[in-house]
Each structure stands twice: as C-alpha cells, then as structure tokens.
Amino acid sequence: MLCRLPLRSLLSLLAASLLVVWGRSGPASACVHPDISYVEDGDLIVGGLIPLHFTNLSDDRACTPLRSVQALREVEAMVYAIDWINRNHSILPGIHLGYHIRDTFYSVSETLRGSLNFIPCNRCAEPGKPMVGVVGARRSSCSEQAAILLGLYRMPQVSYLSTSDVLSNKNRYPYFLRTVSPDIYQVQAIVDLLVEFNWTYVTFISSDEVYGHNGQQEFQRRSAEGNICTSASSYRTVSPFAELEELDTLILDLLVLQRNTDSVVVVLFLDIELARKVFGAAQRVGAERRFVWVGSDGWGNYGNDAIAGFEEITVGAFTLSPLSKRLNEFDDYFHSLNTSSRNPWLREFLEEYTDCSTNGTGAPSCDDPGLISLADDGKVAHETLVMDSVFTFAHALESMRRDLCPNTEQGLCPNMAAIDGDVLHQHLLNTEFQSLANGWISFTKEGNMYGRYAVNHLQMNKTSGEYSFHRVGEWKQSTDKDVPSLKIDPGLPWYLWDGASVDPSTGIPRSVCSNPCKPGEKINRIPDNLCCWTCTACETSEIVVENGTKCQSCIDVDEGKFAWPNADQTVCVDIPNDFVLGEQAWAIAIITVACVCILATLFVLAVYIHNQEMPLIKASSRELSYIIFVGILLSYVTAIVFSIAPSTFVCILRRFGPSIAPSLIYASIATKTIRLFRIFRASKKSAKRPNYIGSMFQVVLSLSVSSLAVVWTVVWLIVDPPSVILKLPNERENILQVTCLMNIVETVGVMVWNVALIIVCCVFAFMTRKLPENYNETRFITFCSFCTLVVYVTFSPIYFTSKEPYYQASYYSAGLIINATVTLTCLFAVKIYALYFVDEDEMNIFTQTRLRANTKTSSARGLQFQTSSSGHTEVHSNPNYVSETGTYLPAAPGGESTNDVNLNEAREDRLRSSSDNSNKSSNSSKASSAGGVMDRLRGTNKVDPSNSRQGSRDTARPNGITSLDKVVRGPGKPSPSVKETKVFFSPDVVECDTHM
C-alpha cells in the first residue's frame with residue numbers, strides 16, 4: 001500500500017530515485033557500492049549516515065578504499081550509545097531503541113540513496129516501529145542534501161561533524177541540528193590563536209567553494225577585531241581542480257613575500273584533498289620549514305593522514321578540530337570486538353588493517369578476539385560526538401514521552417505510536433544533558449552547538465624522529481569578556497629555518513610586515529599595503545597601544561581616567577589631579593556641610609509640617625513656603641553636584657541646578673511680598689478683597705516665574721549640549737583638570753535672572769515696611785534678600801576670573817550653601833524657634849500679634865487679645881469686610897444678636913478654642929474661663945482697669961475701620977459705651993487687639 005505524500009515530497013522522492021537509478025545504470029564496473037546496512041530492530045529506530053569508504057572522484061560507483069579505523073569507531077560508537085541507553089532504565093524505560101546504519105562513501109549520491117531508506121514511505125508497512133530521526137552525515141555537503149530530503153518529511157537530523165555555516169539557515173534546513181560547532185566559531189578560534197602569538201601579518205588560503213568562501217568572509221570580519229593585518233594580496237583562493245603549476249606559483253609568491261617581510265604564517269581553510277596538494281607544491285619548490293601552517297578542521301580532523309609524506313613541510317603546524325575526548329569504557333568495548341559482531345564491515349577492516357586471514361593461510365585468524373586493537377592507532381577520533389548525537393535523540397524522546405505519556409511509566413503510549421517531527425524537533429532544541437565525555441551539551445535556536453575546539457600541534461620526537469599531532473590547547477566559546485576562550489600550553493617547540501625572525505624575549509616566530517617602531521612611535525599604514533607601515537611619534541600625553549598601531553591619550557573622560565605617559569610612552573601612570581574631588585579637603589568639606597544642611601532642612605520641614613495648623617505657620621503662606629523648602633534642598637544638592645567628578649549627566653545637573661533652585665526660592669518670596677503689598681494697599685481704598693491673592697494662584701505664579709529660568713537653560717542645552725572638557729591650568733606641569741563646559745552667556749543669564757528676583761524681593765519688602773507691626777516678617781525677607789545680594793556681589797567676580805575649575809566649583813558651591821542657609825534661617829528657623837522657645841509676651845517680633853498691655857496673651861496658637869487703658873478693643877479678622885470705629889457696650893441679658901457677629905460659626909469655634917487654651921496670666925485665665933474669646937466680644941469687658949495702662953492709644957490702621965454697631969448691636973443701633981472695638985482686615989489669621 002502506497003503512502004499518501006504531498007506533491008513536493010513525491011517530486012523530491014522521484015528526483016532522489018532518479019539519482020539512484022542513474023548511479024546504477026552507468027557504464028559497467030567491476031565493483032559497485034554494495035547495499036549493506038547495519039540494522040537492529042526496536043520500538044523506535046534511529047538512522048545513521050556514516051562514511052566507511054572514500055569516494056572515487058573519477059567514478060563514484062567504483063570500489064573505493066576503506067577509511068581508517070576511526071570510521072569503524074564512529075559506527076560502533078553509535079551502536080555502543082544505543083546499547084547503553086537500552087540498558088539504562090533512567091532514559092526511555094521500557095522502550096528498546098533500534099538503529100539502521102548505512103555507508104555514505106563520502107558521496108552526495110550515496111548519502112541520498114541511504115536517506116531514501118529512512119523516509120516515511122519505506123516504513124509505512126510497519127507503523128508501530130517508526131524512524132524517529134537520523135544521525136549524520138559526516139561531511140557538510142552530504143548533510144546539506146540529506147537535510148533537504150529529510151526535511152520534506154519533517155524528520156530531524158543530528159550531524160556529528162558537519163560544520164558548514166550554510167546548515168545554520170533554518171529556512172532551508174529547518175530540521176537540522178549538530179553536536180559540533182559551526183565554522184563561524186572555528187574562524188574566531190583561528191583569530192584568537194593568531195592573536196595569542198601576536199601574528200599580525202598572515203596569508204589566508206581558502207578553497208573556491210562554499211566552505212572556503214564562508215571561511216574567508218568570516219575571517220575578514222573577525223581579523224579586523226583582532227588587529228590582524230590583511231590586505232587584498234593576503235587572500236588567495238585555490239580551486240579544487242587547480243593545476244600543479246598554479247599551486248607551485250602560489251608557494252613561490254609566498255616565498256617572495258617572506259623575503260620582503262617577516263610573514264611566515266599561512267592559514268589553510270581547505271579540505272584534506274586540496275591541503276595535501278598545497279603541501280605537495282611546497283615540497284616541490286623546496287619550502288621545508290618555511291611556514292607555520294594553521295589549518296581548519298577541513299584537514300585538521302584527519303590528523304596524520306592529512307600530512308603523511310609532507311612531515312618536513314608541515315612540522316610545527318597548528319590545526320583545529322572539534323573538541324571530542326576519548327571514553328575509556330568505549331575503548332574497552334571496541335577492542336573486544338571480533339567477527340562474531342553483527343557489524344557487516346568489521347571483517348573488511350580486520351583484513352585491511354591487521355592482515356588477518358579468513359582461510360587459514362598462516363596469518364592470524366580474523367576470528368581471534370581483540371585483534372582490532374592492533375589496528376587502532378590510539379589517536380583521538382570523533383566517536384564521542386556520534387554518541388552525543390545519539391544521546392540527543394534519546395533525551396529528546398524521553399522529554400517527549402513525559403509530555404505525551406504522563407500516565408505511562410514505561411514503554412510507549414498511543415500518543416507516540418507515530419512520531420511528530422515538529423514536536424520532536426522542539427524537544428531536540430530544548431535538550432540539555434551531560435555528555436559521557438564532552439561535558440555539557442545544549443543547542444542554540446539554530447540547532448548549533450556552542451564553539452568548542454581542540455588545538456593540535458605537529459611535533460617531532462627528537463629521539464625516534466616520528467611526527468605526530470599533540471593537543472596543546474582548547475578553545476571554548478566564552479560569554480564573559482574577562483574569561484579568555486583560548487588556552488594554550490606554554491613552551492611549545494618551533495621548527496622554522498635558522499633565518500626566521502623570532503621575538504627575542506619569547507622565542508616565538510614573528511609574522512609581521514614591518515619592524516616595530518621605537519618607543520613613543522605609532523604605526524602609519526601604507527595605503528597600497530595596509531599590512532606595512534611607517535612610524536610616527538605620538539604626542540607627549542599619549543601612549544602607544546594595540547601593537548603600536550595607535551596613539552592613545554592617557555586622559556579618558558568617559559572612564560574617568562587621568563594619567564600621564566611613562567618614559568617609554570607604553571603605560572599611563574596616574575598623576576596628581578587636583579580635580580579628583582574625593583581626595584580634596586575642600587570638596588569633602590562642601591559635601592559634608594551640604595549634607596548637614598540637608599538634614600537640618602528636612603528637620604525644619606518636618607517641624608513645619610507638624611505645626612502647619614498653627615496660626616504662626618498658617619500666616620506665612622504654607623504653599624509658597626513648601627516651594628521655598630524645595631528650592632533650599634535643591635541648592636544644597638546642587639552644591640554637592642558641583643563637588644563631584646564631572647560627567648555628562650553631572651554637567652546637565654550643574655546647568656539646571658543654579659537656574660531652578662534660586663528661582664524657586666526668590667520667586668516664591670517675591671510672590672509673598674507682592675501679595676502682602678497688594679492686600680494692604682487695597683484695604684486703604686475699598687473693603688473688597690483684591691483679586692488673584694488665593695493660594696493656588698500664588699503657587700502657579702511662583703512656578704511660572706521659576707519656569708522661565710528652566711526654559712532658558714533648556715534652550716542653551718539644545719544650543720550648546722553638555723560635555724566634559726579638560727583644562728591644563730599650567731602647561732608646564734602634567735596636572736590636568738576636568739570640568740563641565742559652561743557657556744558664559746548662559747551662566748550670566750541665570751545669574752541676572754536670579755539677581756532680578758532678589759531685587760524684586762528687596763523692593764517690595766521695603767515698600768511693605770510700614771505695614772502693621774504684626775507683619776514684621778518683611779524685615780526677615782529684607783535681611784534675607786540683601787544678604788543674598790552681598791553673596792552674589794562677592795562670589796561672582798571671583799568665579800568668572802578664576803582659571804582653575806576646582807576653584808570655580810568651590811566658589812559656586814559655597815555661594816549656593818550660604819544663600820540657602822540664610823533663607824532657611826531667616827524665613828523658617830526663627831518661626832520654629834518662636835513656636836517652642838519664645839514667650840508670648842515677646843512674640844510680636846515673630847508673629848502677627850501686637851502686644852498692647854502688660855498682661856500676657858491667652859495663647860500663642862489661637863486668637864490673641866490685648867487691652868490698654870484707653871478702653872479700646874481691637875479685633876483682627878479674616879472676613880472680607882472692614883468695620884468702623886464704634887463704642888463697645890456690654891450686651892443686656894437677652895439682648896438681640898446681630899448677624900455680623902455670627903457670620904462664621906467655624907471661626908467662632910476657633911476663637912473659643914484659642915481662648916480656652918490660654919493660661920499665661922491670671923487676668924487672661926479668668927477671661928478664658930468665663931466663656932472664651934467670643935463671650936468676651938459679646939459680653940462685658942472683664943479686664944480690671946487697674947491693671948491696664950492709662951491713657952488712650954489709638955493706632956492708625958491702614959485697612960480702614962467700620963462701625964462696631966454692625967458687628968455687635970446690629971445696624972442702626974448706636975454704641976452707648978465709651979469703650980471701642982476695632983475690627984481689622986487680616987489676610988491670614990484672626991487677631992484681636994484690645995485697648996482698655
């Protein structure tokens with residue numbers, strides 16, 4: 001019964017079948033590739049594509065010689081890994097893995113022929129034993145074709161030695177993975193090897209095919225990062241079909257280049273066949289020990305087979321090969337094999353490499369146990385990579401079984417009767433496990449292994465004269481820049497001719513174009529040949545770096561590095577830098593003072609917030625006060641910013657701080673003084689409340705005025721972006737100072753704006769000097785403003801005339817701290833002091849209450865009453881009306897109440913509360929206990945006239961007076977008493993001033 005396949009799959013199958021038919025219908029040959037396979041049945045089958053024979057390039061159907069015993073090790077490694085899994089119950093318990101291994105003959109057509117045996121159409125008669133995937137092939141070109149065919153049927157493929165970068169293309173090879181690193185990492189390993197030995201001028205020879213082209217492109221990109229010099233003439237391409245004369249000319253050109261330069265290193269990115277042709281050309285022209293060959297895994301994987309017959313040409317060569325280690329248990333297993341094994345190729349290998357006999361002709365019998373150990377040369381093969389590929393399938397299948405069969409402890413469940421290639425592929429990509437020999441195995445999203453290579457060095461045994469490769473290092477891809485990827489054994493032997501250029505300090509051959517420059521000189525590349533150079537002296541402040549190719553300043557602003565070259569201009573030595581603020585006493589002092597001031601400001605702010613309902617605090621425009629607090633804190637922070645090492649961010653703060661902090665302070669102070677001025681000027685003309693004196697409007701006005709300075713700074717940040725610059729105050733000394741670039745126009749503009757705000761504060765503070773004495777806060781504002789002007793006048797000339805950055809920074813920091821401290825002291829500290837330490841008799845200098853009598857007031861937190869001998873009682877209140885002078889009469893029992901007295905019940909409660917809390921003097925206490933302040937306003941004055949002053953003291957009020965009749969007795973009723981009560985307008989709190 002035929003399988004139902006999509007059209008694309010049928011076409012691919014037809015094409016592959018035609019290829020196989022064409023391969024079998026050609027000219028007759030004495031020997032064709034036998035259809036031999038190594039098979040074991042199982043619940044799940046893993047296919048294998050492993051080459052055991054070489055391909056005859058002239059006739060790929062002809063019988064070809066066997067590969068070395070390493071090929072047999074790869075086959076048996078797959079069998080060993082599957083047997084190990086079947087014996088181990090922790091992986092796929094109750095499931096028996098089988099295998100189906102075929103010989104690819106290193107041929108693309110034979111690889112396709114073998115792959116046809118694995119596609120689903122060949123196993124649709126046995127649905128219970130599905131083919132889960134394929135291990136192999138070995139060569140990249142074979143894997144490419146197999147991956148295309150197998151991918152049509154969504155069958156995953158895991159190669160153990162195909163390294164071509166083309167296979168990383170998931171659009172073309174979506175189901176391909178590998179347990180070996182791709183060539184992109186191999187090139188990086190080669191570059192790191194060249195850098196390790198400081199070989200900066202090399203020749204790169206690659207094959208004229210995909211493998212060579214990809215390697216050359218990657219080397220061009222990565223060599224620049226490693227400071228390896230390559231020019232157009234450094235890259236040579238060799239065709240696989242190149243004539244002998246062409247290869248001889250190539251070697252002669254390299255010898256000519258060697259005479260003109262000190263270039264001895266040649267990178268060969270070739271396969272084994274082409275590499276041997278190049279070695280043959282070197283032998284023909286007599287180039288023994290003239291080069292240090294660095295080989296890719298294209299011929300490095302074959303060990304001594306690649307250099308057999310050319311040992312004197314290649315001695316001292318380095319090769320890279322995928323990192324794979326031997327497994328002792330497998331060696332024991334392999335050496336125990338004999339003809340009883342089911343391996344169909346074992347007898348052929350025994351006859352070829354042990355000269356055993358199958359017909360009893362006198363030679364050792366091939367049936368003898370352990371005979372294969374005689375053929376095993378003990379060289380490192382890649383059989384453990386084959387094992388890793390098999391274990392990748394096993395771990396992925398186990399993960400898949402746990403997901404699809406959660407209730408099945410052993411064996412397969414119906415969900416895994418048919419393996420879904422897409423699901424298995426996802427499990428393969430997520431597989432991670434510890435290899436039996438090669439460490440941790442995991443995959444990238446492209447299905448690649450991370451870079452891991454062995455570095456091999458061809459050495460000669462001086463005693464026996466034999467040549468062999470020795471592993472002298474490893475390269476493992478490192479994600480940490482501080483951890484090198486390459487590790488090389490020290491003290492390697494070198495085998496160049498006697499006239500080779502050698503580094504006298506290390507004995508390592510040099511591969512450069514020009515001689516090193518003198519100390520303090522840099523290399524200037526020659527345009528026609530960038531690998532050669534002339535020498536030019538660097539500046540006195542620079543050192544020579546990157547192998548003499550660049551002059552590097554010892555001053556690195558971004559890294560905060562400030563140094564001076566040593567005598568040879570090879571190392572930057574730290575020099576005294578007066579602008580390293582952490583080491584300067586003045587910087588530490590400023591930072592310390594600023595931090596203490598910040599703590600003090602926060603303390604005052606906390607006390608201020610805690611007492612914000614106190615009349616003394618409420619009278620000072622709390623919202624504007626909070627803005628001033630912010631400006632004070634920003635001033636201290638800006639002072640700290642001026643005292644730390646400059647950077648781009650610090651420079652931005654240095655430019656914003658002086659414009660924002662003082663503006664917030666003095667714009668708010670100016671708004672407060674202007675508000676007081678407008679209120680009391682308006683009270684002289686009308687009882688109507690002035691417009692725009694509300695708290696919200698004052699805050700918006702203050703912030704709007706402050707924002708003008710911010711806009712100015714932002715404009716200059718755009719015009720002149722912040723940057724860090726260096727200054728050398730004294731050119732005769734190697735003392736460098738770093739600072740921020742500050743535009744003089746921007747700085748002057750900020751200062752002029754701040755001074756303008758201060759002048760406005762001074763002017764209006766002066767104009768409000770004649771307000772009632774209960775608004776004496778203006779005298780503190782005046783003192784604060786004039787002190788700030790003195791600071792600006794004192795520090796500005798010093799700042800602009802100083803040439804050294806750290807002087808300028810210290811002056812600016814000190815000025816900011818002094819201005820902020822004066823503001824904090826004058827506007828806030830005195831109020832906090834008055835709240836807790838000033839007696840209410842002396843509160844007139846801090847509060848809005850006038851003391852008219854010798855008696856003490858009732859409370860510092862509520863309504864205040866004072867009496868005098870004149871018999872007048874003054875009431876200061878927030879209402880937006882002004883009373884006229886009237887005579888106070890005690891209210892008769894049952895007298896009528898006026899509407900004016902009860903205008904605001906909430907305000908009455910405040911007055912009563914204030915009166916009840918007062919207990920300062922005996923007279924005041926009696927008045928309080930008699931019923932509160934409002935009772936005093938309504939009832940008979942209970943102050944003893946004998947305790948009051950004699951004489952009348954009428955105080956002129958700037959806000960006008962209306963009749964008390966409207967307040968106490970109602971409109972139209974005269975005042976019969978000689979006592980007077982005056983009601984004054986106050987913008988913040990209710991105050992009473994009583995005159996007896």
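Buried, on this tour, means under 20% relative accessible area. Keep that in mind as you click around, and remember that the model is predicted.

Start by colouring the chain by pLDDT. The mean is 76, and 73% of the residues reach 70 or more. Now select residues 1–13, where the pLDDT is below 50. Then try 845–996, another stretch that stays under 50. Where pLDDT is low, the predicted coordinates should not be read in detail.

Next, the cysteines: the structure holds 5 disulfides. Pick Cys538 and Cys551, whose sulfur atoms sit 1.7 Å apart in one of these bonds. You'll find Cys538 in the loop between β18 and β19, and Cys551 in strand β20. Both cysteines, Cys538 and Cys551, are buried. The S-S torsion here is about -70°, so the link is left-handed.

Jump to Cys356 and Cys366 for another disulfide. Both lie in the loop between α13 and α14. Cys366 is buried, at 0% relative accessible area.

Now select Cys787. Cys787 is partly exposed, at 21%.

Last stop: the largest cavity, with about 180 Å³ of space. Show Met751, Tyr792, Phe795, Tyr812 and Gly815, which lie nearest its centre among the 15 lining residues. Helices α20, α22, α23 and α24 each give two or more residues to that lining. Colour the lining by class and you'll get 11 nonpolar, 4 polar and no charged residues.

Key. Residues numbered from 1 in each chain as written. Predicted model: local features only at pLDDT ≥ 70, side-chain atom pairs only at ≥ 80, totals over all residues. Heavy atoms only, no water. 1 Å grid on protein atoms, 1.4 Å probe; cavity = no way out; pocket = protein on both sides within 12 Å on 5 of 7 lines; lining within 4 Å. Points joined across faces, edges and corners; volume = space filled by probe spheres on them. Helix = DSSP H or I, 4+ residues; strand = E, 2+ residues; numbered from the N terminus. Nonpolar A, V, L, I, M, F, W, Y, C, P; charged D, E, K, R; others polar. pLDDT = per-residue confidence, 0-100. Contact = heavy atoms within 4.5 Å. Disulfide = S-S within 2.5 Å. Buried < 20%, exposed > 50% of the residue type's maximum accessible area, 1.4 Å probe, protein only.
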